[in-house]
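I opened my notebook for a friendly look through this one. Here is what I looked up, in the order I got to it.

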Amino acid sequence: MLRKMGEAVARVARKVNETVESGSDTLDLAECKLASFPIGIYKVLRNVADQIHLITLANNELKSLTSKFMTTFCQLRDVPVEKLAAMPALRSINLRFNPLNAEVRVIAPPLIKFDMLMSPEGARAPPP
């Protein structure tokens with residue numbers, strides 16, 4: 001079991017390092033067996049977080065994402081609304097101050113059965 005955990009940690013580290021080194025706008029953490037979003041990732045990505053527009057977290061074991069996730073990755077544009085709508089336990093998602101594309105703003109409300117908090121189009125986060 002420890003070996004598998006070690007392999008999962010190494011996989012996450014490798015994917016995060018690839019994103020940082022390549023300057024990619026995508027962070028792919030699919031199939032990493034994540035139960036939560038690792039705190040160490042915030043530190044590693046601190047210089048490139050504002051450039052990340054797409055984060056893939058498919059096929060993990062996530063139970064929640066903290067507010068730190070949403071404030072760190074405030075440049076997310078595409079939200080998989082259909083996948084969120086298929087999550088029966090999801091009660092709320094806060095996407096305020098993300099430059100969400102118009103399609104998400106139009107498609108989301110009729111599909112979802114949870115609270116999806118969004119800022120008005122073009123709104124900017126207050127300075128820290």
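In which loop does Lys-33 lie? I noted that the model is predicted, and then found Lys-33 in the loop between strand 1 and helix 2.

Entry on backbone angles. I checked phi for Lys-33 and got a positive value of about 60°, although Lys-33 is not a glycine. Most residues other than glycine have a negative phi, which made me look for others. Glu-31 turned up in the loop between strand 1 (26-28) and helix 2; its phi is positive too, about 55°. I also looked up the accessibility of Lys-33: its relative accessible area is 58%, so I logged Lys-33 as exposed, the cut-off being over 50%.

I then listed the contacts of Leu-29, leaving aside neighbours within four places in sequence; among them are Val-12, Val-16, Phe-37, Ile-41 and Leu-57.

Entry on helix 5. Which residues of helix 5 (residues 102-111) are buried? I found Val-104, Arg-105 and Ala-108. Looking down the axis of helix 5, I saw these buried residues fall within an arc of 95°, so they line one face of the helix. They pack against helix 4 (81-85) and strand 4 (115-117). On the face turned away from the buried side I noted the exposed residues Glu-103, Val-106 and Pro-110.

How values were computed:
Residues are numbered from 1 along each chain as its sequence is written. This is a predicted model: local features need pLDDT of at least 70, side-chain atom pairs count only at pLDDT 80 or more; totals for chains, interfaces and linings use all residues. Side-chain values use heavy atoms; hydrogens and water are left out. Buried means under 20% relative accessible area, exposed over 50%, partly exposed in between (1.4 Å probe, protein chains only). Helices (H or I, at least four residues) and strands (E, at least two) are DSSP runs, numbered from the N terminus. The arc is that of the directions from the helix axis to the C-beta atoms. Contact means heavy atoms within 4.5 Å.
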